[in-house]
Amino acid sequence: DVYHPFRREVLHRDRWPRLKVPHRVKGFAAAEFWPLMRLIPERLVPSCVVLAASGMRIGEYLHASIRADEEHHVIETTGKTGPKVYAVDPEAWAYVRAAVPCRASRMTKVPTRLQNDPRYKAIYRAVRHAGAQLGLTISPHDLRRLYVRLGVDAKGQIATQHAVGHETPAMTAEYARAQSQADVASAVAQGLGLVAAPDMSGKKSGNMGAADGRRRTLKRGQR
């Protein structure tokens, strides 16, 4: 044994509590995303869409920039652990162009604390106020949680963990767990005939139509 007995005693694994992921709030469902966006001030909608479409933390978004080579559709930023790159689907790229770099509020210098950044304050207040109108207690970070839940459902936990940069699978699983429970409960209710099953005809819903309309508006403004 190369280690001193005292070191073995101090660092014995049974003496230290295991890492626990703090309980996360439920957040909101994907079906509530566009109703929420309709209540956000129009100038802040691109910022909120980018947060949801990329999975960035809001602090990372405030430092984000677009690569000169836009064909790869990625956003470069500085995260908690250094430089990071987030991919965005080409269908959402019009929002990225409108929102990066962040122009949510005028400022003369970048504050040292995130909570003092007027851009952070503007987005935070807008999301909180819009959520309250829908009966939701949410913050901009819930847009990242929504990204994780949708990513886990579509591509699995490992791929989503890499996409958002979580250090452990437990963090990704905790983000997805609450919505998974709600989804299972909804499926059971549908199976019992308590609620109507969703329309699976392939027709676009009102929310998707709103998304298409916003994309067309953004693209016209860029011509």
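Reply: Helices (H or I, at least four residues) and strands (E, at least two) are DSSP runs, numbered from the N terminus. This is a predicted model, in which local features need pLDDT of at least 70 and side-chain atom pairs count only at pLDDT 80 or more, while totals for chains, interfaces and linings use all residues. Residues are numbered from 1 along each chain as its sequence is written, and side-chain values use heavy atoms, with hydrogens and water left out.

Me: Is E60 buried or exposed?

Reply: A residue is called buried under 20% relative accessible area, exposed over 50%, and partly exposed in between (1.4 Å probe, protein chains only). E60 has a relative accessible area of 3%, and therefore it is buried.

Me: Which side chain makes a polar contact with that of E60?

Reply: A polar contact is a pair of N or O atoms within 3.5 Å; within protein, one must be able to donate a hydrogen and the other to accept it, and residues adjacent in sequence count only if both atoms are side-chain atoms. The side chain of E60 is joined in this way to that of Y86, at 2.6 Å.

Me: How many salt bridges does the structure hold?

Reply: A salt bridge is a side-chain nitrogen of Lys or Arg within 4 Å of a carboxyl oxygen of Asp or Glu. The structure holds four of them. In one of these, R57 pairs with E60, and the closest N and O atoms are 3.0 Å apart. R57 counts as buried because its relative accessibility is 16%.
E60 also forms a salt bridge with K84, where the closest N and O atoms are 3.6 Å apart. Since E60 lies in helix α4 and K84 in strand β3 (residues 82–87), the pair ties together parts that are 24 residues apart in sequence. Both E60 and K84 are buried.

Me: Which residues are linked in a network of salt bridges?

Reply: The network consists of R57, E60 and K84. Another salt bridge is formed by R119 with D117, with the closest N and O atoms 2.8 Å apart. R119 and D117 are both buried.

Me: How is the packing of two helices described?

Reply: Two packed helices are described by the angle between their axes and the distance between the axes. Axes are lines fitted to C-alpha atoms, for helices over the stretch in contact, and angles run from 0 to 180 degrees between N-to-C directions. Here, the axes of helix α7 (residues 141–155) and helix α8 (residues 157–164) come within 7 Å and cross at roughly 145°.

Me: Which residues of α7 and α8 meet?

Reply: Contact means heavy atoms within 4.5 Å. On the α7 side the residues are R144, Y147, V148, G151, V152 and K155, and on the α8 side they are Q157, A159, T160, A163 and V164. The residues of this contact divide into six nonpolar, three polar and two charged. In this division, Ala, Val, Leu, Ile, Met, Phe, Trp, Tyr, Cys and Pro count as nonpolar, Asp, Glu, Lys and Arg as charged, and the others, Gly among them, as polar.

Me: What does V74 touch, not counting residues up to four places away in sequence?

Reply: V74 lies in strand β2 (residues 74–79). With the stated exclusion, V74 touches I66, R67, V85, Y86, A87 and W93. The C-alpha atoms of V74 and W93 are separated by 9.1 Å, although these residues are 19 residues apart along the chain. V74 is buried, because its relative accessible area is 10%.
A second case is R128 in helix α6. At 36% relative accessibility, R128 counts as partly exposed. R128 touches T137, I138 and S139, again not counting residues up to four places away in sequence. From C-alpha to C-alpha, R128 and I138 are 5.8 Å apart in space, and they are ten residues apart in sequence.

Me: Where is the cis peptide bond?

Reply: The cis peptide bond joins V100 and P101, with omega at about 0°. P101 is placed in the loop between α5 (93–99) and α6 (118–133). Another backbone feature is the positive phi of H73, about 50°, although H73 is not a glycine. H73 is found in the loop between β1 (65–66) and β2.

Me: How many helices and strands are there in the protein?

Reply: There are ten helices and three strands. Along the sequence they follow the pattern α-α-α-α-β-β-β-α-α-α-α-α-α. Of the 223 residues of the protein, 38% count as buried.
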